[in-house]
Amino acid sequence: MDLSQLLNDINDFVWGPIMLALLVGTGIFLTIRLKFLPWRNLIYAVKMITQQKTEHEGDLSPFQSLMTALSATVGTGNIVGVATAMVLGGPGAIVWMWISAAFGLSTKYGESVLAVKYRETNSVGEMAGGPMYAMKNGIGGTFGRIMAAAFALFAVCASFGIGNMTQANSISAAFESSLGIPTFTTGIILVVASLAVLMRGVHSIGAVSSFIVPSMAFFYLLFTTIIIIVNFGNIPSGLAVMFQMAFSTEAVAGGVGGSIVASMLTAMRWGVARGVFSNEAGLGSAPIAAAAARTDHASRQGYVNMTGTFFDTMIICMLTGLVIASSGVLGITDPETGKLISGAQLTIAAFATVYGEGAKYIVSIALALFAYSTILGWEYYGEKSLEYLISNRAVIYAYRFIFSCITFIGATQTLDVVWNFSDTMNGLMAIPNLLCLLILNGKIAEECFHYQNEIIAKGK
């Protein structure tokens with residue numbers, strides 16, 4: 001067995017049914033444990049986003065912290081992942097993405113609370129937090145430190161792959177196919193653009209993310225909403241097929257589902273997998289950004305960062321799904337290969353029903369902005385994880401430089417082994433993180449109920 005096949009087999013196991021059940025199961029447990037407060041306080045959480053906490057400890061405003069986290073989560077999964085899920089799992093996969101995201105709200109809330117509660121101040125006065133600090137300071141002992149080191153190591157490895165090269169590759173491929181820009185040129189631009197932001201640290205990442213993420217989200221929502229309005233007559237039948245295929249034990253097809261055939265279990269598997277890949281609830285990455293926020297209470301920032309899952313999966317992914325479902329392109333085949341159209345190609349086909357030739361430019365630019373923001377967000381995750389392992393500022397600056405330069409390799413090369421390895425590292429991050437959430441669920445509940453009784457109930 002060659003290395004590529006071995007990594008592929010490991011990856012299939014890491015992202016298999018057991019892991020997905022653990023991810024969703026932890027979300028269900030925390031939702032019940034917290035008496036559904038993350039659901040009940042969702043509107044409150046959205047209102048908290050723009051509150052500025054300048055008088056408290058932290059490096060970023062609550063809004064900048066959320067945008068940094070969203071910059072890493074809103075990415076290729078919202079365009080490519082949704083389309084792939086709908087082809088492999090049928091339209092019903094979108095419903096399961098929604099269901100997993102609903103429980104993911106509690107997971108994201110819990111891990112963000114722990115990140116703020118157990119954060120520390122580093123040698124240059126910046127906040128350092130995330131699952132590794134919750135494991136070290138919350139669980140403690142040898143077991144907690146081993147978990148923390150493992151998580152940090154997995155996160156550093158994942159940052160170069162999932163957070164860097166795969167994103168750079170998506171950008172260069174999109175620009176080459178739609179605009180004819182050589183991958184070499186895109187690679188150079190990415191290196192320069194990354195160095196300009198990343199070498200200046202977290203404040204620069206927060207400022208750029210606060211501009212890019214809302215801007216790209218607004219324009220993507222605008223373009224998708226127009227398509228949905230134009231194809232509004234197909235929305236009722238599209239939603240009907242989604243729910244029918246999401247909960248049908250028999251394989252069904254037809255209507256806007258085209259020639260797609262998928263059972264409930266298939267829809268569940270791909271919907272949950274792509275949902276988690278998109279919003280990262282349970283992986284432990286987003287809490288690293290939450291720990292940098294200026295806030296007076298761990299639970300307040302927990303609610304703010306929780307909305308990232310709502311915006312990412314419940315809005316952006318859902319809109320992509322509705323665009324594809326209402327456009328009648330699901331299930332069509334490529335005339336050259338005879339295979340089902342999937343991924344970015346399927347999303348472009350859906351956009352083309354309204355925008356014609358302009359669709360490839362719209363989707364390519366959206367994909368590029370989403371992917372570039374992911375590079376910025378993941379550099380911060382990798383940096384803070386490396387900082388936990390090696391507290392040397394020279395090493396941190398070297399990491400920023402190397403991370404920026406590696407975008408060129410990602411943009412110009414296809415490295416299947418690297419993709420599988422980094423994908424595996426990304427999945428392995430979830431294991432210690434979920435164990436940490438389950439072990440410290442009492443601390444999460446304590447923070448949640450105290451905040452509910454002392455802050456929300458009293459209108460503070």
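**Aromatic pairs**

I looked up aromatic pairs in this predicted model and got a count of 19. The rule takes rings of Phe, Tyr and Trp (its six-membered ring) whose centres lie within 6.5 Å; planes under 30 degrees apart count as stacked, over 60 as edge-to-face and the rest as tilted. I then took up tyrosine 109 and tyrosine 303, a tilted pair with 4.7 Å from centre to centre and 40° between the planes. This pair links distant parts of the chain, 194 residues apart: tyrosine 109 is in helix H7 (residues 92-117) and tyrosine 303 in helix H15 (residues 298-327). Helices here are DSSP runs (H or I, at least four residues), numbered from the N terminus. Tyrosine 109 and tyrosine 303 are both buried (under 20% relative accessible area; exposed is over 50%, partly exposed in between, with a 1.4 Å probe and protein chains only).

I also noted one aromatic cluster, formed by Tyr220, Phe223, Phe351, Tyr355 and Phe370.

**Helices H16 and H17**

From H16 (residues 343-355) to H17 (residues 358-389) the axes come within 8 Å, and they cross at roughly 130°. I used axes fitted as lines to C-alpha atoms over the stretch in contact, with angles from 0 to 180 degrees between N-to-C directions. H16 and H17 are therefore oblique to each other (under 35 degrees is roughly parallel, over 145 roughly antiparallel, 65 to 115 roughly perpendicular, the rest oblique).

**Charges over rings**

Lysine 35 lies over the face of phenylalanine 449, 5.1 Å from the ring centre. Arginine 400 has its charged end over the ring of tyrosine 397, at 4.8 Å from the centre. For this I required NZ of Lys or CZ of Arg within 6 Å of the ring centre and within 35 degrees of the ring normal.

**The loop between H2 and H3**

I went back to lysine 35, which is in the loop between helix H2 (17-33) and helix H3 (37-40). Lysine 35 is not a glycine, yet its phi is positive, near 55°. Lysine 35 is exposed, at 53% relative accessible area. Phenylalanine 36 is in the loop between H2 and H3 too, and has a positive phi of about 60° without being a glycine. Phenylalanine 36 is partly exposed, at 35%.

**Basis**

Residues are numbered from 1 along each chain as its sequence is written, and side-chain values use heavy atoms, with hydrogens and water left out. Local features need pLDDT of at least 70 and side-chain atom pairs count only at pLDDT 80 or more, while totals for chains, interfaces and linings use all residues.

Notes
Helices (H or I, at least four residues) and strands (E, at least two) are DSSP runs, numbered from the N terminus.
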